[in-house]
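This report is meant to be read alongside the sequence and the coordinates.

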Amino acid sequence: MIKHPLAKALTLSLGVAAGSAMADNLMERANSMFEPIPKYPPVIDGNELTKAKVDLGKMLFFEPRLSSSHLISCNTCHNVGLGGDDELPTSIGHGWQKGPRNSPTVFNAVFNAAQFWDGRAADLAEQAKGPVQAGVEMSSTPDRVVATLKSMPEYIERFEDAFPGQENPVTFDNMAVAIEAYEATLITPEAPFDKYLRGDTSALNESEKEGLALFMDRGCTACHSGVNLGGQSYHPFGLVAKPGAEILPEGDKGRFSVTETASDEYVFRASPLRNIELTAPYFHSGAVWSLEEAVAVMGTAQLGTELNDDEVKSIVAFLKTLTGNVPEVTYPVLPPSTANTPKPVDMIP
């Protein structure tokens with residue numbers, strides 16, 4: 001027992017200093033692996049985010065007449081009121097068909113190196129073209145989309161404003177570029193973890209800091225780092241031990257369908273973890289509804305370790321600090337159809 005006041009004060013001082021050093025080290029390590037979400041949308045090479053273009057992109061994002069049924073919009077599967085996805089295992093498209101994979105969130109998607117689980121789209125503009133044409137999703141065509149947009153005078157004017165100087169601005173490519181411009185604004189800054197990265201040590205509590213330390217120490221950062229904590233690289237699902245077929249369906253070989261390279265079988269883009277608590281169910285199969293279960297599966301499948309209950313709880317506590325300020329979105333008023341607007345195709349033949 002320490003009785004001398006000076007010795008006692010010295011011991012307390014050393015303890016505080018040690019704790020401070022550990023806290024500084026954790027923050028320093030975190031800043032070497034992650035980046036905060038910026039407060040403003042990033043610059044996109046070749047796509048200036050003008051107000052006219054973003055406003056047009058917003059209308060197109062919510063425009064169901066881009067689908068042949070006049071029922072499905074981008075927002076159907078990437079619902080900005082539901083964490084940027086649709087909260088379904090796999091999305092429902094034209095003819096009530098089920099898509100093959102879980103719908104990724106649109107929030108912060110601009111920070112991903114490529115789009116879709118297999119990375120087949122290089123950017124958001126390329127991604128926007130895919131679902132419009134996919135028979136299992138919006139089931140339309142570029143010609144039908146252009147005819148639809150040109151049938152409404154307001155859209156013609158808005159395309160002219162968004163793409164000044166172009167002789168024929170209402171094109172399928174420009175539709176995608178405008179949607180990309182809008183989606184680039186759907187970022188979620190100011191998460192508690194962002195505040196922590198910027199130096200606010202009180203932004204995370206002790207359990208959350210413990211989860212952050214475990215997340216880094218156990219090797220999760222091999223796939224989930226950077227500004228979006230993922231979305232930058234491709235990895236085999238089941239690097240150490242393959243999950244069961246309910247989580248890793250045998251028929252979906254991931255990036256192999258893009259590259260046709262044997263080593264890319266069951267390889268998928270590492271999922272971004274921003275706002276992960278809002279985007280259940282998890283994995284490309286949408287087979288897991290619990291974030292705790294998803295963390296445990298990753299431990300065995302990717303890291304080759306069985307995380308105990310306390311470790312899982314701490315990591316989940318940390319992951320919940322990645323939830324940022326979701327943008328407030330006002331539903332746009334869309335122009336009325338005209339006599340020249342292509343009529344909807346029945347969802348059920």
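Phe116 counts as buried, because its relative accessibility is 15% and the cut-off for buried is under 20%. The model in view is a predicted one, and in it Phe116 sits in the loop between helix 3 (74–77) and helix 4 (124–133). Although Phe116 is not a glycine, its phi is positive, at about 75 degrees. Most residues other than glycine have a negative phi, and most peptide bonds are trans.

Ser139 also carries a positive phi without being a glycine, with a value near 55 degrees. Its place is the loop between helix 4 and helix 5 (142–150), and Ser139 counts as partly exposed because its relative accessibility of 25% falls between the limits of 20% and 50%. A further point in the backbone is the peptide bond from Ala280 to Pro281, which is cis, with omega near 0 degrees; Pro281 belongs to the loop between strand 2 (267–269) and helix 11.

Which residues does Asn112 touch, leaving aside those up to four places away in sequence? They are Asn228, Gly230, Gly231, Gln232, Arg269 and Pro272. Asn112 lies in the loop between helix 3 and helix 4, and with a relative accessible area of 11% Asn112 is buried. Asn112 and Ser271 are separated by 159 residues in sequence, yet their C-alpha atoms are 9.4 Å apart in space.

| Helix pair | Axes come within | Crossing angle |
|---|---|---|
| Helix 2 (51–61) and helix 7 (172–183) | 7 Å | roughly 100 degrees |
| Helix 11 (291–303) and helix 12 (309–319) | 9 Å | roughly 115 degrees |

On the helix 2 side the contact is made by Lys53, Val54, Leu56, Gly57, Lys58, Leu60 and Phe61, which meet Met175, Val177, Ala178, Ile179, Ala181, Tyr182 and Glu183 in helix 7. By residue class, this contact of helix 2 with helix 7 holds 10 nonpolar residues, one polar and three charged.

For the other pair, the axes cross at roughly 115 degrees, and helix 11 is therefore roughly perpendicular to helix 12. The crossing of helix 11 and helix 12 is right-handed. Here Leu291, Glu292, Val295 and Ala296 in helix 11 meet Val312, Ile315, Val316 and Leu319 in helix 12. The residues of this contact of helix 11 with helix 12 comprise seven nonpolar, no polar and one charged.

Turning to the whole chain, the secondary structure amounts to 12 helices and two strands, arranged along the sequence as α-α-α-α-α-α-α-α-α-β-α-β-α-α. The C-alpha atoms fill a box of roughly 90 × 45 × 30 Å along the principal axes. Of the 349 residues, 49% count as buried, while the protein exposes about 16600 Å², of which carbon and sulfur atoms supply 55%. Among contacts with a separation of 6 or more, 72% join residues 24 or more positions apart.

Key: Residues are numbered from 1 along each chain as its sequence is written. This is a predicted model: local features need pLDDT of at least 70, side-chain atom pairs count only at pLDDT 80 or more; totals for chains, interfaces and linings use all residues. Side-chain values use heavy atoms; hydrogens and water are left out. Axes are lines fitted to C-alpha atoms, for helices over the stretch in contact, and angles run from 0 to 180 degrees between N-to-C directions. Helices (H or I, at least four residues) and strands (E, at least two) are DSSP runs, numbered from the N terminus. Angles under 35 degrees count as roughly parallel, over 145 as roughly antiparallel, 65 to 115 as roughly perpendicular and the rest as oblique. A crossing is left-handed if the near helix is turned anticlockwise from the far one by less than a right angle, and right-handed if clockwise. Contact means heavy atoms within 4.5 Å. Ala, Val, Leu, Ile, Met, Phe, Trp, Tyr, Cys and Pro count as nonpolar, Asp, Glu, Lys and Arg as charged, and the others, Gly among them, as polar. Buried means under 20% relative accessible area, exposed over 50%, partly exposed in between (1.4 Å probe, protein chains only). Accessible areas come from the Shrake-Rupley method with a 1.4 Å probe; for residues, only the protein chains shown count as cover.
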